[in-house]
Amino acid sequence: MNNEKTTIIAAGAVIGVIASVLVLLGNPVNMGFCIACFIRDTAGALGLHRAAPVQYIRPEIIGIILGSFCMALLNKEFASKGGSAPMTRFVLGFFVMVGCLMFLGCPFRMIVRLAGGDLNAVLGLVGFFGGVLTGVFFLNKGYSLKRTYRMAAWDGYVLPAVQVIFLILLVAAPAFIFFTEPGGGPAAKHAFWLVSLAAGAVVGALAQRTRLCMAGGLRDIVLFKDYKLILGFVAVFGAALVTNVILGLATGTPYVTFGFAGQPVAHVDGVWNLLGMYLVGFAAILLGGCPLRQLVLSGEGNADSQVTYLGLLVGAAFCHNFGLASSGEGPTANGKIGVVIGICVCLAIACLNTFKKGDK
Amino acid sequence: MRTFYATFYSHFGAIRFKRLCDGLGIPASLMPVPRSLSSSCGTCVRFEAESFEEAAASRSEEMEQIAEPSGEGFVTLFRAEHA
């Protein structure tokens, strides 16, 4: 058990350092890693939305899925499984993205933003914890999306294979793939693709070995007073903060700036930062894991998580096509409506899968 | 007395099994699934009994597997169909 704790802290520290170093190597500030933003950028590159500033096939996402895939194969943990309410998971994935793009970041980026001194993320964290508590309430009352089953052997290979195709499209850069012009927005800022891919693969492999999950970490604290999983994210925060301070001293450019206003790719509307992440926390508990965890499970062959990935991808496209995504200037009216609808949908899904007649 | 770990497809499945063990007088506790047992991160029940069949006889469709610690890892004694 102690070995498990040490491993997860060490993995979190490595991931935190990687997240900060990716910024030095070209990623947007406070966005060394963001599962939601990077899936959103990928959706844009594929032409699923036409928001010019956010179009790039992010190799980090490819790396995470393939890193987890290789690690699972290596340890004989890869198994094609699925059949646990896939469409419900698609809808939950969709609304996770709506919440993330309200806040402008997934739980992983929330920690990265905190390590960069962005205090708006504190409100995000409070909201996220509130969402986790709501989800845990339903878990204790009987919430379940029912069991998974072993699927056709090739089913679990589909998303890893798609990621290989995405990688080929990134490197080949055919005309039908969209790339943000230099200086045209956050997606124009990225490390060299091979570095991003390797960084993603390391994170994916480590997260597969340690089951790192922000939602799961908070859930385990509430359910069992078990701090193992959350220690991974505490280590991510600590390592990213220390690395940011060192990078600031070494380069003369501040990597940590405490405050609310003027934070990179962030807005200062506290209520909607909180509600956006409330939606993410709630939906993540109903799904059984945060967006990072969904990618890792996808790599292990879990078809339900692969469907959740599709929900995230479609959600990202929808958010930019219909003006739900926030910007540095703040949330949009459509985004606020989307978050409220998302919370209502999560409540409906939670109730429908908890309070079933004759199921107790 | 031997120690067993039962994993489930849902958290509530684990709660239900724990209640069942309590009813049967089997010492049991809820805990996160150990990493060396599974790559999934759900809830498991650790229980102590002479044999796992005693508790497994009342297993529900929510139960995924029952395993027993062995050295650094676990030996699976029961696994649900199509798991």
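First, the conventions. Residues are numbered from 1 along each chain as its sequence is written, and chains are lettered from A and ligands numbered from 1 in the order in which they are written. Since the model is predicted, local features need pLDDT of at least 70 and side-chain atom pairs count only at pLDDT 80 or more, while totals for chains, interfaces and linings use all residues.

The model scores ipTM 0.92 and pTM 0.96. For chain B, the mean pLDDT is 89, and 96% of the residues reach 70 or more; pLDDT is the predictor's confidence in each residue, from 0 to 100.

Now the layout of chain B. Its secondary structure comes to 2 helices and 5 strands. Helices (H or I, at least four residues) and strands (E, at least two) are DSSP runs, numbered from the N terminus. In order from the N terminus, the elements of chain B are β-α-β-β-α-β-β.

On dimensions, the C-alpha trace of chain B spans about 30 × 25 × 25 Å along its principal axes.

Buried residues make up 39% of the 83 residues in chain B. A residue is buried if 20 or more other C-beta atoms lie within 10 Å of its own, exposed if 12 or fewer, and partly exposed in between, with C-beta atoms placed from the backbone. One exposed case is E53(B), because it has 12 C-beta neighbours inside 10 Å. E53(B) sits in helix 2 of chain B. From E53(B) to M63(B) is 10 residues in sequence and 13 Å in space, C-alpha to C-alpha.

Of the contacts in chain B between residues at least 6 apart in sequence, 56% join residues at least 24 apart. Two residues are in contact if their C-beta atoms, placed from the backbone, lie within 7 Å.

How many residues of chain B are in contact with chain A? There are 16, and they meet 20 residues of chain A. On the chain B side, helix 1 (11-24) and strand 2 each supply at least two residues. Helix 1 of chain B gives the largest share, 4 residues. By class, the chain B side has 8 nonpolar, 5 polar and 3 charged residues. Here Ala, Val, Leu, Ile, Met, Phe, Trp, Tyr, Cys and Pro count as nonpolar, Asp, Glu, Lys and Arg as charged, and the others, Gly among them, as polar.

The axes of helix 2 (residues 35-45) and helix 13 (residues 303-321) of chain A come within 8 Å and cross at roughly 70°. So helix 2 of chain A is roughly perpendicular to helix 13 of chain A. Axes are lines fitted to C-alpha atoms, for helices over the stretch in contact, and angles run from 0 to 180 degrees between N-to-C directions. Angles under 35 degrees count as roughly parallel, over 145 as roughly antiparallel, 65 to 115 as roughly perpendicular and the rest as oblique. In this pair, I39(A), R40(A), A43(A) and G44(A) of helix 2 meet residues of helix 13 including L312(A) and H320(A). The contact divides into 6 nonpolar, 2 polar and 1 charged.

In the second pair, the axes of helix 8 and helix 12 (residues 291-299) of chain A come within 10 Å and cross at roughly 85°. G204(A), A207(A) and Q208(A) of helix 8 make the contact with L292(A), V296(A) and G299(A) of helix 12. The residues there are 3 nonpolar, 3 polar and no charged.

N30(A), between helix 1 (2-24) and helix 2, counts as buried because it has 29 C-beta neighbours inside 10 Å. Leaving out residues up to four places away in sequence, N30(A) touches several residues, among them V112(A), D118(A) and P264(A).

Most residues other than glycine have a negative phi. K146(A), not a glycine, has a positive phi of about 70°, and A173(A), also not a glycine, one of about 45°. K146(A) is in the loop between helix 6 (120-141) and strand 2 (149-150) of chain A, and A173(A) in the loop between helix 7 (158-172) and helix 8 (193-210) of chain A. With 14 C-beta neighbours inside 10 Å, K146(A) is partly exposed; with 11, A173(A) is exposed.
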